[in-house]
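Good morning, colleagues. Please look at the model on the screen, and I shall then speak about its nonpolar packing and its strands.

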Amino acid sequence: MNQENLEILKTFSKEDLPDLDVVTLGALELFATEQVPSLDLVQLKRPLVIGSGNAQITGRILFEGQDAVFADESTYKVKLQAARGIDGAVLISASGSKHAGGIAKELKARSIRTWLLT
């Protein structure tokens, strides 16, 4: 199987960023040969689920029926202080950047197990 797009993704630099077509095709080439990592969030009894916009909707779908606390990037600190029994956090971000990195660092500093879904 030709994996030219995946090779581009492995070797590009800031000067020659690939376009969305190459990134999408490269991801498909990767998933044609690799397994998607498993994610066992059932182990969480009361997670803090952080996301805004569509990410928050995704979190509500993933954790429907579970005792989860939902927040966005501007409310997670208040929710974290007010809610009792939080045993982990799930950050959901379309880009994996913007607010997610700072939030993840803060959660790590508080010794909260954290997963980033992007």
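Leaving aside its neighbours within four places in sequence, Tyr-76 is in contact, meaning heavy atoms within 4.5 Å, with Leu-48, Ile-50, Ala-71, Ile-103 and Glu-106. This is a predicted model, in which local features need pLDDT of at least 70, side-chain atom pairs count only at pLDDT 80 or more, and totals for chains, interfaces and linings use all residues. Residues are numbered from 1 along each chain as its sequence is written, and side-chain values use heavy atoms, with hydrogens and water left out.

Which residues touch the most other members of the largest nonpolar core? Of its 13 residues, they are Leu-48, Ile-50, Tyr-76, Leu-80, Ile-86, Ile-103 and Leu-107. Such a core is a set of buried Ala, Val, Leu, Ile, Met, Phe, Trp, Tyr and Cys residues joined through side-chain atoms within 4.5 Å; buried means under 20% relative accessible area with a 1.4 Å probe, protein chains only. At least two residues of this core come from each of β1 (47-50), β2 (69-71), α4 (76-82), β3 (88-92) and α5 (100-109). Helices (H or I, at least four residues) and strands (E, at least two) are DSSP runs, numbered from the N terminus. Apart from this core lies another, of 10 residues, including Val-49 and Phe-63.

I turn now to β1. Leu-48 and Ile-50 point one way from this strand, Pro-47 and Val-49 the other, and all are buried. β1 pairs in the parallel sense with β3 over 4 bridges and with β2 over 3 bridges; pairing requires at least two DSSP bridges. Leu-48 stands opposite Ala-89 in β3, and Ile-50 opposite Ala-71 in β2.

Key:
Buried means under 20% relative accessible area, exposed over 50%, partly exposed in between (1.4 Å probe, protein chains only).
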